Amino acid sequence: MKHPVLANRVRLIVWWLVWLFMTLGQLLLYYYAYGRFTTTAIPDGIISLIIYSGIGLSLWYPFRYFNATSSRTTAVITNLVVSGAVAVTLWVLINKYFVLLILPKVNDYQAYWEATFPYRIGTGVFIYGLIVLAYYLFISLYNLSEKNAKEAKLESLVKETELKMLRSQINPHFLFNSLNSVSSLTITDPEKARDMVIKLSEFMRYALSKKDEQPVSLRSELENLRLYLDIEKVRFGDKLSTEENIEEKCLETKMPVMLLQPLYENAIKHGVYESTESVRIITQAKIIDGYIEITICNNYDPAPSLRRGTGTGLINVARRLELFYGNKASIKTTKENGIYTVNLYIPTDFL
Amino acid sequence: MEKIRTVIIEDEAPAREIIKYYLKDLDYIEVIADCADGFSGLKTISTMKPDLVFLDIQMPRLTGIELLEVLTEKPEIIFTTAYDQFAIRAFELNAVDYLLKPFPKRRFLEAVKKATDKIRTGTGNKEPVSQLLAKMPEPASPVNRIVVRKGNAINLIPVEQIKYVEAQDDYVMVYHSGGKALKQQTMKFYEENLPKTDFVRIHRSYIVKVTELKRIEPYGKDTHVAILQSGDKLPVSRAGYKHLKEELNF
């Protein structure tokens with residue numbers, strides 16, 4: 001913790017202004033105590049201002065120490081009382097010593113000092129109280145903001161980690177099967193093999209390079225998905241076909257990167273993997289009242305598959321939407337007449 | 001010498017092509033058929049009785065694992081799979097070999113040689129499927145269907161239609177809404193793979209679907225009997241009664 005006054009120029013100015021104000025008050029009080037005005041009061045006031053201000057500034061260090069070391073209230077109070085007594089005594093005595101040192105010829109100073117002595121102790125204690133109050137207020141505010149900052153940092157860290165985890169990972173099945181297709185194509189159709197390696201590389205680059213959660217346009221998401229679907233088409237041939245029906249004005253809408261990928265992966269997994277018939281994946285996007293509606297549908301074989309899906313893909317997409325858009329985006333799935341449909345609603349001007 | 005009659009069961013065309021390409025130079029191997037899904041693969045094996053099968057695991061309609069479950073006469077199997085690392089461990093001891101896609105030719109030829117030796121010497125793997133399946137580690141999600149053979153017909157029974165499962169020596173009898181079917185599997189497999197929210201093991205020999213229960217009555221000292229909607233009565237052991245209590249909160 002830095003010194004609350006010395007570390008900040010504005011605070012230092014305020015500090016001196018407050019002291020000036022207090023010195024004026026002090027002058028008035030001593031005038032009342034002494035019964036008449038004396039020229040000694042001015043140098044006395046200035047010197048006391050400088051001394052107590054110095055003592056006040058250095059009091060910060062013992063305070064910080066007390067605050068950090070002892071948590072028991074009685075110990076803190078004892079510490080404060082002792083240091084207060086020391087500070088006030090020092091101030092009163094040093095003040096007198098310096099005035100006499102600088103102005104040895106002023107003869108009524110001894111009388112003035114004696115008359116105002118109880119008031120000096122009083123103002124000393126009062127000012128000391130103010131300093132304690134100010135410093136402790138600063139310490140508690142500092143701790144509070146420190147705590148808030150820590151919490152906010154932790155929260156954003158948790159959110160970031162969660163978003164990273166939710167980012168769809170490349171399915172190892174997809175990767176190794178694609179590589180197997182490439183291996184096969186190098187013999188039967190080297191041209192196509194090269195084409196596939198390039199597509200696979202581009203897809204991987206897109207999936208891996210976007211480390212941070214920078215939003216991307218629907219256009220680039222769709223371009224990447226085309227790569228993915230093209231690769232799957234090489235694997236499955238006529239069994240997989242696609243269709244796109246995208247309104248031009250949707251293309252620049254921003255969304256989290258790789259948001260749609262798990263939905264297509266599901267369409268492949270539950271559609272193409274499980275069916276002997278050919279599967280058609282249809283993608284539509286249109287704008288309705290400030291929202292973009294993305295619809296992905298595919299036909300599937302309604303016979304039960306070996307194992308139930310865990311639903312992880314859909315849950316992750318829904319959670320990402322929630323983290324990004326709060327409650328402003330939504331996802332919905334329907335199964336009807338052998339057609340599986342996913343509807344996504346995303347605000348167009350959110351990101 | 002007779003040629004080794006081989007079938008390739010694999011749903012991706014390029015994956016079939018590479019196997020055929022690797023086999024081209026081996027004049028003692030004859031590829032008699034290739035299939036793109038589990039069902040046609042099963043039919044082909046049953047009718048053509050090949051010596052050797054290249055079998056993918058992830059396939060439509062019937063997976064390679066299910067296909068193996070219902071085969072009565074097993075040819076030598078070489079698994080070709082992309083990433084089923086658990087399956088790999090499980091099948092290590094049973095199949096002749098397993099190939100991880102993409103596989104190099106050298107590795108492929110090794111597998112074929114192993115299979116050829118087995119077929120030529122007649123020391124084929126005769127380990128029962130139940131033991132093989134018992135080696136399967138616990139899966140991430142419960143099964144959704146089981147595959148049974150009835151005569152020559154293969155039926156896929158959705159899990160919702162299963163009423164209860166009864167242990168019968170090395171087999172289990174699965175009672176479902178369309179009748180009953182004998183399977184070469186363990187009770188442990190069903191206990192671990194049926195959806196745990198729907199099925200309870202009430203006895204060493206019985207796993208029952210909770211919604212099939214009509215009532216439970218005391219039967220002798222410490223034991224109970226479960227009466228099903230169908231009127232069937234099943235014994236409930238002490239441990240089974242405890243499971244039921246936990247599951248149904250009574």
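**Notebook: chains A and B**

In chain A, 75% of the contacts with a separation of 6 or more are between residues 24 or more positions apart. Before going further, I remind myself that this is a predicted model.

**Entry 1: chain A overall**

I looked up the element count for chain A and got nine helices and seven strands. I then checked burial: of the 351 residues in chain A, 26% are buried.

**Entry 2: where A touches B**

Chain A puts 28 residues into it and chain B puts in 26 residues. Which elements of chain A give two or more residues to the side that touches chain B? I found helix H5 (172-188) and helix H7 (218-236) of chain A. H5(A) gives the most to that side, with 12 residues. I also sorted the chain A side by class and noted 11 nonpolar, 12 polar and five charged residues.

**Entry 3: a sheet in chain B**

I moved over to chain B and traced an open sheet of five strands. Its order is S10-S9-S8-S12-S11, and the pairing is antiparallel.

Strand S9 (residues 171-176) of chain B runs antiparallel to S10(B), and five bridges join them. I picked out one residue there: B:Tyr175 has B:Lys180 in S10(B) as its bridge partner.

**Entry 4: two helices in chain A**

Back to chain A for a helix pair. I took helix H8 (residues 261-272) and helix H9 (residues 312-325) of chain A, whose axes come within 9 Å and cross at roughly 160°. Angles over 145 degrees count as roughly antiparallel, and H8(A) and H9(A) are therefore roughly antiparallel to each other. I put the crossing of H8(A) and H9(A) down as left-handed.

Which residues of H8(A) and H9(A) meet? On the H8(A) side I listed A:Pro262, A:Leu263, A:Glu265 and A:Asn266, and these meet A:Gly313, A:Asn316 and A:Val317 in H9(A). By class, the residues of this H8(A) and H9(A) contact come out as three nonpolar, three polar and one charged.

Technical notes: Residues are numbered from 1 along each chain as its sequence is written. Chains are lettered from A and ligands numbered from 1 in the order in which they are written. This is a predicted model: local features need pLDDT of at least 70, side-chain atom pairs count only at pLDDT 80 or more; totals for chains, interfaces and linings use all residues. Helices (H or I, at least four residues) and strands (E, at least two) are DSSP runs, numbered from the N terminus. A residue is buried if 20 or more other C-beta atoms lie within 10 Å of its own, exposed if 12 or fewer, and partly exposed in between; C-beta atoms are placed from the backbone. Two residues are in contact if their C-beta atoms, placed from the backbone, lie within 7 Å. Ala, Val, Leu, Ile, Met, Phe, Trp, Tyr, Cys and Pro count as nonpolar, Asp, Glu, Lys and Arg as charged, and the others, Gly among them, as polar. Two strands pair if DSSP finds at least two bridges between them. Axes are lines fitted to C-alpha atoms, for helices over the stretch in contact, and angles run from 0 to 180 degrees between N-to-C directions. Angles under 35 degrees count as roughly parallel, over 145 as roughly antiparallel, 65 to 115 as roughly perpendicular and the rest as oblique. A crossing is left-handed if the near helix is turned anticlockwise from the far one by less than a right angle, and right-handed if clockwise.
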